[in-house]
Amino acid sequence: MNKDAQMRAAINQKLIETGKRECFKELLRPKLTECVWKDQLKVHCKEVIKEKGLEHITVDDLVAEITPKGRALVPDSVKKELLQRIRTFLTRARWLSL
Amino acid sequence: MEEISLANLDTNKLEAIAQEIYVDLIEDSCLGFCFEVHRAVKCGYFYLEFAETGSVKDFGIQPVEDKGACRLPLCSLPGEPENGPDQQLQRSPPEFQ
């Protein structure tokens, strides 16, 4: 594993160990709800299910169709805030050990 | 024990890592939503919880034919064969029409 990959793995581990990952998720959830992100995705879901059929829709179908749309629909303000918090976490967690 | 210092990373690398973490979190949210939808579809309540507009016809489901008063045994009260439960309850809900 090269140094970059080691660094990424260590950071991810730290995110989980410190509970920061869950914290970021809990922060994100209400923000996505109040910005109607979920509502917009529901509309898109409806179209996907109409196209594929209620009986035939699979998780893979939903993930393939919904994920790119979900990424694109996140408002800039939510993205900015979350990124800022992540950057703050990274600058505070200056020393990691392996 | 080897120590890895984030302070040695340049700004671009740090920013790239921040972006990766962000994308990971968003994809996690999307995946959670997909599982919710899939569960709703398979358990039969998708159109109740997720499809707020339109009707079951939108999904190729034929609405239940409204035949007026319900004839299920439990709906007929004993001693009152002519009177069922409240008339409003006998008719199919609008989403099935």
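H1(B) gives the largest share of the lining of the largest cavity: 3 residues. Helices here are DSSP runs of H or I, at least four residues, and strands are runs of E, at least two, numbered from the N terminus. This is a predicted model, where local features need pLDDT of at least 70, side-chain atom pairs count only at pLDDT 80 or more, and totals for chains, interfaces and linings use all residues. Residues are numbered from 1 along each chain as its sequence is written, chains are lettered from A and ligands numbered from 1 in the order written, and side-chain values use heavy atoms, without hydrogens and water.

Now the cavity. The whole structure has 1 cavity of 30 Å³ or more. By cavity I mean a set of points, on a 1 Å grid over the protein atoms alone, where a 1.4 Å probe fits but cannot get out; lining residues have an atom within 4 Å of a point. The largest holds about 40 Å³, with volume taken as the space filled by probe spheres set on the points.

Who lines it? Asn12(A), Leu15(A), Arg21(A) and Phe24(A), along with Ile21(B), Asp24(B) and Leu25(B). Helix H1 (3-17) and helix H2 (20-34) of chain A, and helix H1 (11-43) of chain B, each give two or more residues. By class, that lining has 4 nonpolar, 1 polar and 2 charged residues.

On to chain A. Its elements are 5 helices and 1 strand, in the order α-α-α-α-α-β from the N terminus. Of its 98 residues, 34% are buried, meaning under 20% relative accessible area with a 1.4 Å probe, protein chains only.

Technical notes:
Buried means under 20% relative accessible area, exposed over 50%, partly exposed in between (1.4 Å probe, protein chains only). On a 1 Å grid over the protein atoms alone, a cavity is a set of points where a 1.4 Å probe fits but cannot get out, and a pocket is an open set with protein on both sides within 12 Å along at least five of seven lines; lining residues have an atom within 4 Å of a point. Ala, Val, Leu, Ile, Met, Phe, Trp, Tyr, Cys and Pro count as nonpolar, Asp, Glu, Lys and Arg as charged, and the others, Gly among them, as polar.
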